[in-house]
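Please consult the sequence and the structure shown below while reading.

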Amino acid sequence: MALLELDGVRAGYGQTRVLHGVSLSVGEGDVVALLGANGAGKTTTLRAITGGVRWDGIINFGGRSLRRATTESIVRMGIAHVPEGRGVLTELTVEENLRLGAYLRRGGDGLAKDYDRVFGYFPILRERRKLSASTLSGGEQQMLALARALLMKPKLLLLDEPSLGLAPLVVRSIFDIIRAINESDRVAVLLVEQNARLALELSTHAYVLEVGRVAVEGESAKLKTEESVRRSYLGY
Amino acid sequence: MQEFLQQVLSGIASGAIYASLALALVLIYNAMGLVNFAQGEMAMLATFLAFTLIEHGVSYWIALPITILVAFAGGIVIQRVVIRPVERAPVLTLVIVTLGLATLINGLAGFLFGYLPRSFPSPFSVQTVSIFGAAASYQDLGVIGVSAVVLVLVYLLLQRTTLGLAMRAAAHHPEASRLLGVRVSWMLALGWGLASAVGAVSGIMVAPILLLEPNMMQTVVIYAFAAAVLGGIDSPLGAVIGGLIIGVTVNLAGAYAPGVGGDLQLAVAFAIIIAVLVLKPNGLLGRRATRRA
């Protein structure tokens, strides 16, 4: 059974319908890419999963319906969502941001070890932990958002455009770490990306959205090589 | 010189009261992006509760914590019942709601207790002790002491506990906090409770000086506004510093500036509000909008 399952999900803002029936699934430990042009509904799909937008259809996580669940309770079930713009709390220090990542955890269960591991991935955060998160660069804020999500010990990680606005080298290292997180913790990842090439490299399965519907889906390795798909949907 | 020191000290005592109420205003400003115009009236009603308890023979030092607890619960109830249904409404609606709340509480207090000013007991004697040659009253020192304890406790709660961290996160970044599992709505309610409790302390501290009646807090809340604006409307520490500066300035102006005394002292507070808004709109410690992409 899939960890996350969407079936015929429709959602929108006010009168504007953005999703017209999106169906997709993410298995345990999978990395799934969600691709598509601006405005195709990628972000809205993620927002529907964590209850940030009204939706109908079916969304199940771990076999449980998310129909009536609030954002807070969905997060408590084990979904970490790094939203568009990273959701870094710029009023707070780096350390306070990380503490909020561990907000739902009781102290004892290997938290200290997880902090060490997070600082292992992102040593810069240890150096800057006393500073206000607003002083971090874009790449460092993305690292902070990922580190914080990791401390939540999620079963599923939703990432909304982690490459946005970052230098190619920084993007590369962040994607390497996403891969490492997925491999060492068996955390499933649903990755929204504009950078289709990178996303297809990282993922095993991919969906391409077009105006609120899944236009193409398949194994990432296959989609990568299909000339027609690349040209019409992925733009490279 | 001694008289000057005395004036400064009693200014600090009034400033401590303004600081508590200003802190209450800041706590709610941070939780809903708006000043709570009913803050003074909520404090007044809590003070009446303390008065009633003491009148029925409860000792002052038991009535004080009971009142603070009830005020805390009352603040939460007000947020849940009155504010939450309109929390997504435009700012102007919220302004009207808190103004309406102020009128309602004021009328309720008048109905229950009447408008006759009553003298409120103080646990501190009016006798004085000499500090650097200045005669400091136990009353002033007591007010400073109680306020300081309350302010330090609030500081520790907000800065040193996980609950305080979640409250700050919820106030500044509700959406992002929700995604971390913080129950934002409850954190905002706790903010109201905390503000109400801190405000109640200011009411109880000021009542022995001003006499207790339903309109007691109306001038105090203006000084508190001045303090909050001066300190930076979103900064708790700024509210405290602002409160002390306002208290001392107003007191010194009343004592030494010719013609400034009694009700005209209020004009000093207004002048400070206007000067801050013109010269330094973010206040002393207010947040400047810094953002990196």
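Does B:Tyr60 count as buried or exposed? The model is a predicted one, and in this model B:Tyr60 counts as buried, because its relative accessibility is 11%, under the limit of 20%.

## Aromatic residues

A search of the whole structure finds nine aromatic pairs over all chains. One of them joins B:Tyr60 and B:Trp61 in an edge-to-face arrangement, with 5.1 Å from centre to centre and 75 degrees between the planes.

B:Trp61 has a relative accessible area of 46% and is therefore partly exposed. B:Phe124 belongs to one aromatic cluster with B:Tyr60 and B:Trp61.

## Extent of the interface

The size of an interface is often given as the accessible area lost when the parts come together. Between chain A and chain B, the buried area is about 2,200 Å², and carbon and sulfur atoms give 59% of this area. Of the area that chain A buries against chain B, 28% is supplied by A:Glu72, A:Glu91 and A:Tyr103, more than by any other three residues.

The contact involves 27 residues of chain A and 23 residues of chain B.

## Interactions and composition

The rule finds one salt bridge across the interface of chain A and chain B. In a salt bridge, the side chain of A:Glu96 meets that of B:Arg168 at 2.8 Å, N to O.

On the side of chain A that touches chain B, helices H2 (71–76), H3 (94–101) and H6 (138–151) of chain A each supply at least two residues. H2(A) gives the most, with four residues. By class, this side of chain A has ten nonpolar, ten polar and seven charged residues.

Terms used
Residues numbered from 1 in each chain as written. Chains lettered and ligands numbered in written order. Predicted model: local features only at pLDDT ≥ 70, side-chain atom pairs only at ≥ 80, totals over all residues. Heavy atoms only, no water. Contact = heavy atoms within 4.5 Å. Buried area = accessible area lost by both parts, 1.4 Å probe. Salt bridge = Lys/Arg side-chain N within 4 Å of Asp/Glu carboxyl O. Nonpolar A, V, L, I, M, F, W, Y, C, P; charged D, E, K, R; others polar. Phe/Tyr/Trp six-rings, centres within 6.5 Å; stacked < 30°, edge-to-face > 60°. Buried < 20%, exposed > 50% of the residue type's maximum accessible area, 1.4 Å probe, protein only.
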